[in-house]
Amino acid sequence: MKKYSKVLALVLMVILVVPMMFGCGSKPAETSGDGGTEKMEKFVIGISLPTQREERWVKDKEAMEKYAAELGYEVKVQIADADQAQQAQQVENLLTQGIDVLILAPHDASASAELVKKAKEENVPVISYDRLVTSSEDLDYYLSFDNEAVGRLQGDYFTKNVENGTIMLFAGAPTDNNAKLFFNGAMSVIQPKIDSGDYTVIGGTDFQQVATDNWVPANAQNRASNILTANADATVAGVLAPNDGTAGGIIEAFKAAGLDVPVVTGQDSEVAAVKRIKIGEQSMTIFKDTRALAKAAIDMAVSLSNGEEIEANGAVDNGVKEVKSVLLEPVVVTQDNFQEVLVDSGYINEDDLK
Ligand code: BGC
């Protein structure tokens, strides 16, 4: 009997105590970072995303979850359906549940300053993910792509492929700081050709006038249809569309009006857009590798919590401060290189393009 109880005690120790020593099998139980007191506690990353409407945000979420799981970190993800009140509540929930760091892609750039402040009050550092939180003194880092470069690449493609003629301009959501950066970048190339008289713009050139509320493709489609109806005599040579979703809506408007689809730009490398590029319906898109962004975000979250130095490659003005930033490179995708850039890299499955 005595022998058996010894064996039982040993077995119990192996079952109960050993996993505790190794953080219940999940790697790694982080230290609290409080100057070396090795208080073991689970490291939790809070992630607040604005939407899953565009395919890219689904990929961001999946990639962050996958990479964090590989490293053994717990993530708590909340998705706001393009609704600021919902995102505010979700961030509060995350802070109440207890997170060590917050990765925040804001729906509303300036309203989200309040959310960063709340996190700061709880000593939770915040990384602005893909979209910048504006008017916030408290923001720790910004991780995104070079968004003005995204716009410039769209503008470069546009001016190289539309020599002259009538054009239409679209921008993204006014609540999203990226939308302004994309538009400013594109207009830095397009505006000189408007000024020189090469381009005649129908439907307006002012950001607020050409913006698309909430990035909703149907809003862009309606605006495109209205402009086409109001300018029935015009032959449109090109349309600056800020992303693939809106490009899809705009292309539908041309088709519904029985018109040839002109040069149309885009961004995100969505499957539907690449299919359109394949058949020549959409002219280009931009590849922003969300796998790389997601990985960088998790790595940055861990470094930030550990008080480690993060190597920034830029600083972006958020209205009240220069936010230390890590900005990744966007890539132009056309019929010529989608196979190599998107399919061969495993970002898109070849079968999905059939
Ligand atoms: C992102 C784009 C996306 C858009 C709509 C922007 O902030 O950078 O990739 O298409 O939001 O979700």
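How many cavities of 30 Å³ or more does the structure hold? I went through the predicted model and found two.

**Entry 1. The chain as a whole**

I started with the overall counts. The chain has twelve helices and 15 strands. It runs to 354 residues, and 50% of them count as buried.

**Entry 2. The largest cavity**

Rolling a probe the size of a water molecule over the atoms shows where empty space is left. I took the largest cavity and noted a volume of about 110 Å³. Its lining is made up of 13 residues. Nearest its centre lie R56, W57, R131, W215 and D268. Two elements, α2 and α6 (177-195), each give two or more residues to this lining. By class, I listed seven charged, three polar and three nonpolar residues.

I checked D268 on its own. D268 sits in the loop between β11 (263-264) and α10 (271-278). Its phi is positive, about 115°, although D268 is not a glycine. Its relative accessibility is 7%, so D268 counts as buried.

**Entry 3. The second largest cavity**

Next I took the second largest cavity, which holds about 70 Å³ of space. I wrote down its lining: P50, T51, R53, E54, A82, H107, R131, A173, T175, D176, N214 and W215. The classes come out as four nonpolar, four polar and four charged. Domain 1 and domain 2 both give residues to this lining too, so the second largest cavity lies between them.

E54 is in the loop between β3 (44-49) and α2. Is E54 buried or exposed? E54 is buried, with a relative accessible area of 9%. Leaving aside neighbours within four places in sequence, I found E54 in contact with W215, N243 and E270. E54 and W215 are 161 residues apart in sequence, yet their C-alpha atoms are 9.2 Å apart in space.

**Entry 4. T246**

T246 belongs to helix α9 (residues 244-256). Its relative accessible area is 0%, so T246 is buried. Which residues does T246 touch, not counting those up to four places away in sequence? I found T212, W215, P217, A220 and A241.

**Entry 5. The largest pocket**

I moved on to the open space. The largest pocket holds about 280 Å³. Its lining consists of K59, E62, A63, K66, Y67, E70, R291, K295, G346 and Y347. The elements with two or more residues in this lining are α2 (55-71) and α11 (290-305). Which element gives the most? α2 does, with six residues. I sorted the lining by class and got six charged, three nonpolar and one polar.

**Entry 6. Helix α4**

I looked at which side of helix α4 (residues 113-121) faces inward. A113, L115, V116 and A119 are buried there. An α-helix has 3.6 residues a turn, so residues three or four places apart point the same way. I then asked for the packing partners. The buried residues of α4 pack against α3 (84-97), β5 (101-104) and β6 (126-129).

**Entry 7. D130**

β6 took me to D130, in the loop between β6 and β7 (141-145). Phi of D130 is near 65°, a positive value in a residue other than glycine. D130 has 2% relative accessibility, so I count D130 as buried.

Technical notes: Residues numbered from 1 in each chain as written. Predicted model: local features only at pLDDT ≥ 70, side-chain atom pairs only at ≥ 80, totals over all residues. Heavy atoms only, no water. Buried < 20%, exposed > 50% of the residue type's maximum accessible area, 1.4 Å probe, protein only. Helix = DSSP H or I, 4+ residues; strand = E, 2+ residues; numbered from the N terminus. Contact = heavy atoms within 4.5 Å. 1 Å grid on protein atoms, 1.4 Å probe; cavity = no way out; pocket = protein on both sides within 12 Å on 5 of 7 lines; lining within 4 Å. Points joined across faces, edges and corners; volume = space filled by probe spheres on them. Nonpolar A, V, L, I, M, F, W, Y, C, P; charged D, E, K, R; others polar. Domains from an automatic or database assignment.
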